[in-house]
Amino acid sequence: MVILAERFMNEHSTKAFSMKQAYSYSIHIPFRILLTVALALGGGACAFKESGYGVGAQAERAAAQAAAEKDRAPDTPGMYLALIDRMQRQGLYYASLAHIDAYEKEYGASPDSTLLRADALRETAQPAASATAYRALLSTPLAARGYRGLGLLAGAAGDFHEATRELAHAAALAPTDAATLSDLGYALLREGDVGGARVPLMQAAELDSHSGRIKSNLALLLLAQGRAKEARAWMDDQQCSPAVRAAIREDAVKVAAAARSYRAAGASARD
C-alpha cells in the first residue's frame, strides 16, 4: 500500500493512493505546516475484430495494411521510448515489455530502455529479473533509479531494513526527487524508525504537493506519532476515500508494531 507497499510498498501501501535515528513520538510537526502544504495543492480495449466469412481477400489485405500502418512503431528512439513510457503510465506493463523487446532489437539496449524494462518486470511480478535490470543501472547516469527500484523490490518482499538502505542510496543521488524521498520515509516508518521518517516525508510533501501517495504517507506519519486527531483532520482536508483511510490505518498498525520492536532493539543495544 502507501508508497513502498506501491510501488513498495506498488513506486510503497498506496496502494493507499494507489510506492529507511532513534524512534520518538515527541517529534512534532506543527499542524499548521501540514495545512499550509494542503493549501498549496491546488482506441478501445478490444480493437481486434475477426474478419468474418463475408470479407473478400482484397478487403482483408487492405485492412491488414491499414492495421500495420496504425501499429507501426515510432521512427525515432526517443519517440518510441516516450510511447513505452506512456503505456506504462496507463498500466500496460505486459504490452510494454513486448515493445521494449522490439525497441532493443531495433536500436539496442540503453539505460532508459533498461529502466523501463526493470519497472515493467517489477510490476508484472518478476522480481528476480527486475532486480537484475535495476542493478545494471547502478553504473549509469540512472543509478538513482536503479537503487530506488531495488528498494521498492525489498519493501515489496517485506525487508524494510534493506529497503531503507537502497532508498537512502537513491535519495543521496537524487536529493530533490519527491517520489524517492516519500518511498524512503515510508520504508523508515515500516522499519519502525518514525523519527527518521519525518524529514524525508516533509521534504517530499513540499517538493510535490499534488501526490496522493505522499499525502497518504503524511497521514500515516501523524498516526505513527500518536496524533490521531490531526491525522483525521488531514485526511478530511484531503478528502480521502473510506478505502484509503482504511488502508492508512491498516499500515499504522504495522508501523506501531515495528516501532515497538525498533525501540526494543535500541534499548537492547544500549544495554
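The briefing below moves from the chain as a whole to its nonpolar cores and then to individual helices and residues.

The model is a predicted one, and its protein chain contains 14 helices and 0 strands, so described because helices and strands are taken here as DSSP runs numbered from the N terminus. Of the 271 residues in the protein chain, 46% are buried.

**Overall make-up**

- Followed along the sequence, the protein chain shows the pattern α-α-α-α-α-α-α-α-α-α-α-α-α-α.
- The protein chain exposes about 14,000 Å², and 55% of that area is supplied by carbon and sulfur atoms.

**Nonpolar cores**

- The largest nonpolar core has 34 residues, and the members that touch the most other members are Leu189, Val194, Leu201, Leu218, Leu220, Ile248 and Val255.
- Two or more residues are given to this core by each of the elements α9, α10 (178–191), α11 (194–207), α12 (212–224), α13 and α14 (242–270).
- Another core, of 8 residues, lies apart from the largest one, and its members include Ala131, Ala133, Leu137 and Leu153.

**Helix α13 and the residue after it**

- In helix α13, which spans residues 228–237, the buried residues are Ala231, Trp234 and Met235.
- These three residues lie on the same side of α13, because the arc that they cover around the axis is only 95 degrees.
- As background, an α-helix has 3.6 residues a turn, so residues three or four places apart point the same way.
- Just after α13, Gln239 adopts a positive phi of about 55 degrees.

**Thr164 in helix α9**

- Thr164 is placed in helix α9, which covers residues 160–173.
- Thr164 counts as buried because its relative accessibility is 7%, whereas the cut-off for burial is under 20%.
- The side chain of Thr164 is joined to the side chain of Glu191 by a polar contact of 3.3 Å.

**Arg86 in helix α4**

- Arg86 lies in helix α4, which is made up of residues 77–89.
- With a relative accessible area of 45%, Arg86 is classed as partly exposed, since that class falls between the limits of under 20% for buried and over 50% for exposed.
- Arg86 and Ser96 are separated by 10 residues in sequence, and their C-alpha atoms are 9.2 Å apart in space.

Technical notes
Residues numbered from 1 in each chain as written. Predicted model: local features only at pLDDT ≥ 70, side-chain atom pairs only at ≥ 80, totals over all residues. Heavy atoms only, no water. Helix = DSSP H or I, 4+ residues; strand = E, 2+ residues; numbered from the N terminus. Buried < 20%, exposed > 50% of the residue type's maximum accessible area, 1.4 Å probe, protein only. Arc of directions from axis to C-beta. Polar contact = N/O pair within 3.5 Å; in protein donor to acceptor, adjacent residues only side chain to side chain. Core = buried A, V, L, I, M, F, W, Y, C linked by side-chain atoms within 4.5 Å. Areas by Shrake-Rupley, 256 points an atom, 1.4 Å probe, with all protein chains shown as cover.
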